[in-house]
Amino acid sequence: MGKHQSGTRLIGSLLRGLVLLLAVGLVGGAGWYVLRNNAATGAEGCPTTLHVVTASSFATVVSAAGRTLRAGDDCILVDTISTDGRPAAGQLSQTRADLWIPDDAAWDMIAPPQFLAKKDTLNAYATLASSPIYMVTDPATGDRINAAGGSWLALSGLLNTKGSGVKMVVRNPAMSGDGMVAAGAVGEAVWLEKGMDASSLVLTNVLGVTRTVNRDLAATPEAAGEVGLIPEYALLATLRLAKTDRRYIVGSDHTALLRYTWLPSAAAAGDPKKAAALRRLFAAFTSAEGSRAIAEAGLRGPDNLRPIFDGANVLPEPTAKPFDVLQPHHVQHIFATWDPEDRRSNLLIIVDLATNGGGSGAPTTGASPSPPPGNKIPPIEVLRDGCVVLSGLMPVGSRLGLWEVTPGTPGYRKLMPTDRLDDTSRAAFGKQVGKLAAHKSGPGLFDAIVAGYQSVRDDYHDDMFNQVLVLTDDQNKDSANTQAVNDLVQKLTDLQDPSKPVKVSIVVLGKKDSADRLKEALKPVDAYVDNALQTSDVQAAFIHVVAGGLHE
């Protein structure tokens, strides 16, 4: 009997163990199924998830549009990350974003290479919403801006006038579209009216009378004379609390406009499942809920109508044509003005300034050319001052060298070989600049350009701009020597290495005809050529070169 009971208990234990194993197996199988199902359908049970990176001022709109897609078996989960300004570039890669909606189309320049879908692919580069930017200031300053034309050019003129008492308040251009487009409007107004170099000089001067806001939502003016550059969406949220005596100016020459832009990734565009989901999300922004969310965020939709807010009638309606979307070089120009690290360059300066006489001989400091009409400062002094200013703008860790064209062979001398810039080398550079001298004209310029190009190429640094800046008065009439110019083009072409791009920029002092000849002849090597008639032109060229080189 004992053996029978023992055997029964053993069989019972085995049966219970078998049942337990079966139960564990069933639970484990069920758990495996649940995990597989969640992995296949997304955390919310939707078959497709879209990862969206967007500006913080547009995040509520994306969330509202996404809510319209959550119902049904073919629902779409919209996973949203809010990131503004230049940091968004990192988020695009880290999150493997399917879609980017920045607060302006100009931000596309910071996207990883080949990351974005091409224009018009899945509505790429379509504007979902917009917001004009206003100049906000006290009555007296507002009257001064209006008296000068009520334009962005008028504002830049007042900011650029010493002792005017007018100052600018702007959000950090690297951290928001508010700041980038606003600062861009000040520079762009000058660029369109007076050219690129004048714009660079004005922005540099304006920075000295600017308060940059790094934390607050809006660039609110706090003192008399301050002009805050604030987008409409930020103003609408605070109009009921704002001071009633403020002046709001929208710009009579152009409208500075934020453009919230639809930028799908190339990978998502190539995935049929993701592409279909993106089409549905794009349509959701025009749904009743999407349109309502755009208006509640204080933004204008595709109809360009201002959303209804209490007190909004104090804001004048924009009537001027919007500025074009800032081009990459224009944006880099802004970044380099605000952040010294964006001025990091590997730069060789070649100076060719001859005496008015011909022939050859040793350099001389006593026979400098006459100043161009309207200038009282001798060109050699202008160049010396410009070189010192430029070295002061370049951050520690840049590379800077100085060569001078001279008569004889090899036709140039290295006053300072290109080297890492620090406080010691900056001081040494200043001493060498003092040795710059006018020389009797000779044919050494083109040889110096070729040798300088090769020197920078061989010392190429991929973490900075690599460039040669040439300043010449063309006293030797090199520009008119067709054979010599053709030889220069051929030699530079032979030296080019696509993996080591070097920009050549030539500024001709006082001779537009010389500049025009070189400009046309050097197109095959993509050289920038311009002439400088005034001292300010030379100063602007020096300042602009640290923004990544001179460009058309």
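Student: Which helix is His330 found in?
Tutor: His330 is found in helix H12, residues 328-338; helices here are DSSP runs (H or I, at least four residues), numbered from the N terminus. Before we go on, this is a predicted model, where local features need pLDDT of at least 70 and side-chain atom pairs count only at pLDDT 80 or more, while totals for chains, interfaces and linings use all residues. Residues are numbered from 1 along each chain as its sequence is written, and side-chain values use heavy atoms, with hydrogens and water left out.

Student: Is His330 buried or exposed?
Tutor: Buried means under 20% relative accessible area, exposed means over 50%, and partly exposed lies in between (1.4 Å probe, protein chains only). His330 has a relative accessible area of 13%, so the residue is buried. Leaving aside neighbours within four places in sequence, His330 is in contact (heavy atoms within 4.5 Å) with Glu188 and Trp191.

Student: And where is Lys435 found?
Tutor: Lys435 is in the loop between H14 and helix H15 (445-458). With a relative accessible area of 48%, Lys435 is partly exposed. Apart from neighbours within four places in sequence, Lys435 touches Glu404 and Arg413. The C-alpha atoms of Lys435 and Glu404 are separated by 9.6 Å, although these residues are 31 residues apart along the chain.

Student: How many of the residues of helix H18 are buried?
Tutor: Eight of its 11 residues (535-545) are buried, so H18 is mostly covered. Among them are Val538, Phe542 and Ile543.

Student: At what angle do the axes of H13 and H14 cross?
Tutor: Axes are lines fitted to C-alpha atoms, for helices over the stretch in contact, and angles run from 0 to 180 degrees between N-to-C directions. Helix H13 (residues 379-393) and helix H14 (residues 423-433) have axes that come within 9 Å and cross at roughly 170 degrees. That makes H13 roughly antiparallel to H14 (angles over 145 degrees). H13 contributes Arg384, Cys387, Val388, Ser391 and Gly392 to the contact, and H14 contributes Arg426, Phe429 and Val433.

Student: What describes a pair of aromatic rings?
Tutor: The distance of the centres and the angle of the planes describe such a pair. Rings of Phe, Tyr and Trp (its six-membered ring) pair if their centres lie within 6.5 Å, and planes under 30 degrees apart count as stacked. The structure holds six aromatic pairs. Trp403 and Tyr412 have ring centres 5.0 Å apart and planes at 5 degrees, so this pair is stacked. Both Trp403 and Tyr412 are buried.

Terms used: Helices (H or I, at least four residues) and strands (E, at least two) are DSSP runs, numbered from the N terminus. Angles under 35 degrees count as roughly parallel, over 145 as roughly antiparallel, 65 to 115 as roughly perpendicular and the rest as oblique. Rings of Phe, Tyr and Trp (its six-membered ring) pair if their centres lie within 6.5 Å; planes under 30 degrees apart count as stacked, over 60 as edge-to-face and the rest as tilted.
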